[in-house]
Amino acid sequence: WLAADEAGGLIHWQEKPAALGYRSLDVETTAVLLLASLAVRPDDNRHAGVVRWLMQQRRGGKWESTRDTAFILLALNSYLKQSGELKADYEVEVLLNDREIGRMAVGPQTAATAEKVLRV
């Protein structure tokens, strides 16, 4: 029924044309299948390729519908929790006209407040 398209390191699933309604469901389907895969195979290294494909489907900084957005945000939230990308350990430097105006180390305790601290 659905076969993954794994071209160029980007992974998504396409609905068969007969299953399409008034719009493509590829984005929604891919997000739902990512959620399922995260639950069944949390360590699958292909998840990053699915996330990259989903992020490339934005048009003007948003997805086609609020329904697509809802499924994608659920999937991205699960992915970020499982990938460890929410475990902050980096330094942020803010430049204005090539001049440093702020800097801070961001760790697990400060990640949620970094934006407020660095706001100029």
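Reply: L34 has a relative accessibility of 0% and therefore counts as buried; the term stands for under 20% relative accessible area, with exposed meaning over 50% and partly exposed the range in between, for a 1.4 Å probe and protein chains only. The model is a predicted one, in which local features need pLDDT of at least 70 and side-chain atom pairs count only at pLDDT 80 or more, whereas totals for chains, interfaces and linings use all residues. Residues are numbered from 1 along each chain as its sequence is written, and side-chain values use heavy atoms, with hydrogens and water left out.

L34 belongs to helix α1, where helices are DSSP runs of H or I with at least four residues, strands are E runs of at least two, and both are numbered from the N terminus. Neighbours within four places in sequence apart, L34 is in contact with H47, V50, V51, L54 and A75; contact means heavy atoms within 4.5 Å.

The contact of α1 with α2 involves D26, V27, T30, A31, L34, S37 and L38 on the α1 side and H47, V50, V51, W53 and L54 on the α2 side. By class, the residues there are eight nonpolar, three polar and one charged; Ala, Val, Leu, Ile, Met, Phe, Trp, Tyr, Cys and Pro count as nonpolar, Asp, Glu, Lys and Arg as charged, and the others, Gly among them, as polar. The two axes come within 10 Å and cross at roughly 155°, which makes α1 roughly antiparallel to α2.

S37, in helix α1, is buried at a relative accessible area of 18% and touches P42, D44 and H47, not counting residues up to four places away. D26, also in α1, is buried at 13% and is in contact with W13, Q14, E15 and W53, its neighbours within four places aside.

From the side of α2, the buried residues are H47, G49, V50, V51, W53 and L54, and they pack against β2 (12-13), α1 and α3. Towards α3, H47, A48, V51, L54 and M55 of α2 meet I72, L76 and Y79. This contact has seven nonpolar, one polar and no charged residues.

Definitions and conventions: Axes are lines fitted to C-alpha atoms, for helices over the stretch in contact, and angles run from 0 to 180 degrees between N-to-C directions. Angles under 35 degrees count as roughly parallel, over 145 as roughly antiparallel, 65 to 115 as roughly perpendicular and the rest as oblique.
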